[in-house]
Amino acid sequence: LPLLLEATLLRLASGSHHPFYNGFYYNRIVNDKHSGQEKVVYFNGAKLVVETPKDPVYSSNGANVTLPCRYHYEPDLEGKRKIRIKWSKLRDDYTKEQDVLVAIGKTYVAFGDFRGRAHIHQAGRREASLIVSDVRLQDDGKYRCEVIDGLEDESNVVDLRLQGIVFPYQPPRGQYSLNFHEAERVCQEQGAILATFHQLFQAWSEGLDWCNAGWLADGTVQYPIRLPRKPCGGVHLAPGIRSYGPRHRHLHRFDAFCFSSALRGEVFFLDHPSGMTLEEAKQSCQDAGAEIARVGHLYSAWKFLGLDRCDAGWLADGSVRYPIAKPRANCGPPEPGVRSFGFPSKGRFGVFCYKER
């Protein structure tokens, strides 16, 4: 029986369910003579309604989160009913939805990256909420809660947003040298992922102004402008997100906008009286039971932990940077931010290390 039920769940996940409501719940009754013809079709006129929060649900990297979903009937129906529940994640590029979990009663199956992390939560009557544990950067996005009762198939959407920071990234070889797939890779190498449009928009609303175009997760190329100026689309355009639209993912080359969330550990600074080379810096972090920090680690520590250090330090990609939460003399511009010295081929500096808790 468990194998049969799991097979049913798998078919439910792979099937194509298009939400609809035609005003009736049908109960097909075969006549007593077993002629194979339908005697009559009854309906009760009850409407299935699926409810989810209108406002986004916020979480952070490594946390546990509940995506609320409840359903009811109008007018209300009594009695126990065999309900099927399906959760799926909507993709930013509008390709096929990603299966997350399907359930019949208290039995459920989770899929892909959600296996072992996604659980159905049915503590209350007619509840179909989803619990996601150990939240990851790529979990950010919209989720569909679908409830299936016979011919009734209704759904609604929950928006899960990770609290994080967007930062522009150029590799050592310089500006506009990344195709889409390389941009995905360099963000991952820096403890981040490619940002979505809504993450970039949120960063723009918080003050991000960057005149170089970069890839986003949906394959578009855009950049945020707070202060219109001639090299950045012209002085007569209003502030906003400038867009090049979708670009060829293999042929076209730009920078990247990466997204990182709260840290599962800490970033700390190590120094030496005469400074360190990059290799010496990496070894110093290892000697301290840590690893050399990535760019995403430094931005997250600056954003969420208020890391403030007016000393330049090596990072894992070979760049030299330092975070300023409280601007002051001799520490760069008058605004808070992560300052960069680029990718020096020579020089001796301190190092920022990262250690997970």
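Biologist: Which elements each supply at least two residues of the lining of the second largest pocket, and which of them gives the most?
Modeller: In this predicted model, strand E7 (84–90), helix H2 (180–189) and strand E15 (193–194) each contribute at least two residues to the lining of the second largest pocket. The greatest contribution to that lining, three residues, is made by H2.

Biologist: What volume does the second largest pocket have, and which residues lie closest to its centre?
Modeller: The volume of the second largest pocket comes to about 550 Å³. Of the 22 residues lining it, those closest to the centre are Lys89, Asp92, Gln138, Glu184 and Ala217.

Biologist: Turning to the largest pocket, how much space lies in it, and which residues are closest to its centre?
Modeller: About 1100 Å³ of space lies in the largest pocket. Its lining is made of 38 residues, and the closest to the centre are Val166, Pro168, Leu208, Tyr299 and Trp302.

Biologist: Which element gives the largest share of the lining of the largest pocket?
Modeller: Two or more residues of this lining come from each of strand E13 (152–162), E14, helix H3 (197–205), E19, H5 and E24. By class, the lining residues divide into 19 nonpolar, ten polar and nine charged. The largest share, six residues, comes from E14.

Biologist: Is helix H5 mostly covered or mostly uncovered, and which strands do its buried residues pack against?
Modeller: Helix H5 (residues 295–305) is mostly covered, with eight of its eleven residues buried. The buried residues include Tyr299 and Trp302, and both of these are among the residues closest to the centre of the largest pocket. The packing partners of the buried residues are strand E14 (164–169), strand E19 (255–261), strand E20 (265–270), strand E23 (320–324), strand E24 (337–340) and strand E25 (350–356).

Biologist: Which residues touch the most other members of the largest nonpolar core, and which element gives the core its largest share?
Modeller: The largest nonpolar core has 87 residues, among which Leu67, Trp87 and Phe352 touch the most other members. The largest share of this core, five residues, is provided by H5.

Biologist: Why does Gln222 count as buried, and which side chain does its own side chain meet in a polar contact?
Modeller: Gln222 sits in strand E17 (residues 220–225), and it counts as buried because its relative accessibility is 7%, where the cut-off is under 20%. Leaving out residues up to four places away in sequence, Gln222 touches residues including Phe197, Asn212, Arg242 and Phe257. The polar contact of its side chain, at 3.0 Å, is with the side chain of Thr220.

Biologist: Where does Asn212 lie, is it buried or exposed, and which side chain does its side chain contact?
Modeller: Asn212 lies in the loop between H3 and strand E16 (214–215), and at 19% relative accessibility it counts as buried, because the cut-off is under 20%. Beyond its neighbours within four places in sequence, Asn212 is in contact with residues including Tyr176, Gln222 and Asp255. The polar contact of its side chain, at 2.9 Å, is with the side chain of Gln175.

Notes. Residues are numbered from 1 along each chain as its sequence is written. This is a predicted model: local features need pLDDT of at least 70, side-chain atom pairs count only at pLDDT 80 or more; totals for chains, interfaces and linings use all residues. Side-chain values use heavy atoms; hydrogens and water are left out. Buried means under 20% relative accessible area, exposed over 50%, partly exposed in between (1.4 Å probe, protein chains only). Helices (H or I, at least four residues) and strands (E, at least two) are DSSP runs, numbered from the N terminus. Contact means heavy atoms within 4.5 Å. A polar contact is a pair of N or O atoms within 3.5 Å; within protein, one must be able to donate a hydrogen and the other to accept it, and residues adjacent in sequence count only if both atoms are side-chain atoms. A nonpolar core is a set of buried Ala, Val, Leu, Ile, Met, Phe, Trp, Tyr and Cys residues joined through side-chain atoms within 4.5 Å. On a 1 Å grid over the protein atoms alone, a cavity is a set of points where a 1.4 Å probe fits but cannot get out, and a pocket is an open set with protein on both sides within 12 Å along at least five of seven lines; lining residues have an atom within 4 Å of a point. Grid points are joined across faces, edges and corners, and a volume is the space filled by probe spheres set on the points. Ala, Val, Leu, Ile, Met, Phe, Trp, Tyr, Cys and Pro count as nonpolar, Asp, Glu, Lys and Arg as charged, and the others, Gly among them, as polar.
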